[in-house]
Amino acid sequence: MSENDAQRDANQSNQSSEPQQPSAAQRVSVTLTARQEKSLLRPTGSRRHAVFGVRAEREQPPQTDQPAEPTKPRRPLTLALTLDRSGSMSGAPLRMAKQVAITLMDGLTEQDELAVVIFDDKIETLQELTAVTPEVKRQTRRALEQIEARGSTALHEAWLTSCNMLAGDHLPEDRLARCYLLTDGQANVGETDVETIATQAAGVREHVGVGTSAFGLGDDYNEHLLGPWAVAGGGQFHDLRNLADLADTFLGERDELRAVVALRTRLEVEMAQGMSAEVISAYWRADSANSRALRWRLDIGDLIHGEERNVVVRFRFPKEDKAYAYTVRARAVWVDSYGEHSGPWQEIAYTYGSNDACDDEPRDLETMRAIGLAHADRTRRRALELAAHREPQDNERAQRLIEQTVARISDYAHDDPALLTAIRELQELAETIKEQRLTSRMSKATYFALQTRSRGQRDHRTTGGDDK
Amino acid sequence: MHSNDRSLTIEELAEQAQTSVRTVRYYITENLLPGPGSRGKGAAYTEEHLQRLRLIRRLSERRAPLAEIREVMARVTDDEVRALLAEEDARAQTLDATQAVSPKAYIAALLDQARGPQTPPRKPRPAYAPPTAAFRPPPATPTTSAGGATQASAWRRVELAPGVELHIEEEAEQRYRSFIERLLQTPRDEP
């Protein structure tokens, strides 16, 4: 990033109207819509999908003759930059990361707080969490400029060190705290297990109020680690193809964070004894092993004004002799400047019917599209994970998985263009895996595209990249 | 439900259960709580009403579905209500204690775990093997010392030619010094 670019960013930060930054105290409503695939259940038991749409809106102030309340300043940001300085970052990547960190810091003000941690196999705190005063900016800039690349990658401990600096004595209701994790390599020191790390990320989000966004740079990082890490951490996963993407994405996410209106939005679901539930969309469910829990919740993330996320869930119902009808209830819960709120419960009712009646019950096309796309995305993610093993039997499993999903979606796709495209993409992936043409870059590009679509996440990259 | 000498108005009942009159009425409408002994302004509630209402609140706090609460309340006797309430009170206290852990303490525990003696390395998660695998370090996992503790291994990167790198463990660098130098002297335009 050049000085001109940095200046451009500073200007944009001052003048930007899109996305609009909310004031610190603004009432927000989050609406939940619940749509079901079918309402009838087979006497022998059924699996039925539901699509929960969660949308955040800033509430308009009431029209009165009273003078409007003065606009309060925007909600401050609390950020920790966690930068990889391991050997593979040497040269341009580290140079660029340092420049972007400086630019990002320059866009913050004294109301924001920043911490900077650098890591290889050792973790070093470059800047403790502190208000971003001009003096702090000067100190941090000097410290960043002196960093050189070395060593291997202790990603997990570095992340925890950053989160530790953001943690307070109490969980603040209305604070936007996020850890940005930038790496170009594989975690190879300390904890490296995806399940463990993702579970911890979800715990840190819930108990510490710190979200995690992961930025993978180049072709050698592990998207199957960074993706779940960010999803469970309530943040975003970003695929940075080149150094230009690094600047666009860091600054894009920072601006988006400033525009957040509904913090820590979650979906709460209640279901009846005998049912089980499986989340199809790319959201982290902490107790996913307990699919029969009568009440569970899903972290949807921090939402900006007008943002809508779809969550597809598959419910399983037992045989008819257990009950004659079932009800699923769901509601949205979120935090704004006035505290935690919950919306009204939305109910979906299911009753048993004959097999003929089940077959005859029409399906809503839009609902089926959302369900089909969620399944297609999940299958592609799983196929990529299997193909990454580079084992013939895993390649075959990936192809079989794709075939099964294609067959199921084809049953209800009819001539829906979105679903036909999803089927074609699945078939192309199967071919690529079969012919062993899947490169690291293709895998990352596909994984990122799926993540953005399934979670309604934005792609901040502005340059074309080579995703072959 | 037993009769009891103690008689409460709906306001007193709500206050003692730390809820609202509106909520009490809602529970009665939903058949979670029996109605009062008499109707009208002087409607009277008993100690059993209060115990039942407290149990409903506890079940509701841990977010049991209404249908489930209704089912429980319909089948339990007054004695069972007291026993269940005692269990739920104990559970709530444990939960409060867990939630009382401060964010700082929560993270500190995770950090201690990460920095402390490590468990033996897990089966490495299969990493993506790029086409240039021959030029990469072996799948990097923490090495395990005789004592079972994991140690970091440090690697150095040597650029052999534009786009071609050699990664070598620091400990092995001395051993292969002459080999690396020979590689560095290889004409750069060779494939």
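**Ground rules**

This is a predicted model: local features need pLDDT of at least 70, side-chain atom pairs count only at pLDDT 80 or more, and totals for chains, interfaces and linings use all residues. Residues are numbered from 1 along each chain as its sequence is written, while chains are lettered from A and ligands numbered from 1 in the order in which they are written.

**Stop 1: the two chains**

Select chain A. Its secondary structure comes to 12 helices and 16 strands. Helices (H or I, at least four residues) and strands (E, at least two) are DSSP runs, numbered from the N terminus. Of its 468 residues, 49% are buried. Buried means that 20 or more other C-beta atoms lie within 10 Å of the residue's own; exposed means 12 or fewer, partly exposed anything in between, with C-beta atoms placed from the backbone. Among the contacts in chain A between residues at least 6 apart in sequence, 78% join residues at least 24 apart. A contact needs C-beta atoms, placed from the backbone, within 7 Å.

Now select chain B. It has eight helices and four strands. From the N terminus the order is α-α-α-α-α-α-β-β-β-β-α-α. Here 15% of the 191 residues count as buried. Of the contacts in chain B with a separation of 6 or more, 52% come from residues 24 or more positions apart.

**Stop 2: H6 of chain B**

Select B:103–115. This is helix H6(B), with 13 residues. From first C-alpha to last it reaches 18 Å, close to the 18 Å expected at 1.5 Å a residue. The expected span is 1.5 Å times one less than the number of residues.

Which residues of H6(B) are buried? They are B:Pro103, B:Ile107 and B:Leu110. Look down the axis of H6(B): its buried residues fall within an arc of 60 degrees, so they line one face of the helix. The arc is that of the directions from the helix axis to the C-beta atoms. Exposed B:Ala109 and B:Asp112 sit on the face turned away from the buried side.

**Stop 3**

Axes are lines fitted to C-alpha atoms, for helices over the stretch in contact, and angles run from 0 to 180 degrees between N-to-C directions. Angles over 145 degrees count as roughly antiparallel, under 35 as roughly parallel, 65 to 115 as roughly perpendicular and the rest as oblique.

H5(A) passes H6(B) in a left-handed crossing. That means the near helix is turned anticlockwise from the far one by less than a right angle; clockwise would be right-handed. From H5(A), the contact uses A:Gln200, A:Val204, A:His207 and A:Val208. From H6(B), it uses B:Pro103, B:Tyr106, B:Ile107 and B:Leu110.

**Stop 4: H10 and H11 of chain A**

Select A:392–413 and A:417–434. These are H10(A) and H11(A), packed at an angle of about 165 degrees with axes 9 Å apart. They are therefore roughly antiparallel to each other. This crossing is left-handed. Residues of H10(A) that meet H11(A) include A:Thr405 and A:Ile409. On the H11(A) side, A:Leu419, A:Ala422 and A:Leu426 are among them.

**Stop 5: A:Ala376**

Select A:Ala376, in helix H9 (residues 365–387) of chain A. Is A:Ala376 buried or exposed? It counts as buried, because it has 27 C-beta neighbours inside 10 Å. Not counting residues up to four places away in sequence, A:Ala376 touches A:Thr405, A:Ile409, A:Ala422 and A:Leu426. Pick A:Leu419 too: it is 43 residues from A:Ala376 in sequence and 8.7 Å away, C-alpha to C-alpha.

**Stop 6: two arginines with positive phi**

Most residues other than glycine have a negative phi. Select A:Arg264, where phi is positive, about 45 degrees. A:Arg264 lies in strand S10 (residues 260–270) of chain A. With 23 C-beta neighbours inside 10 Å, A:Arg264 counts as buried.

Finish at A:Arg390, in the loop between H9 and H10 of chain A. Its phi is also positive, near 60 degrees. A:Arg390 has 16 C-beta neighbours inside 10 Å and so counts as partly exposed.

Technical notes. Contact = placed C-beta atoms within 7 Å.
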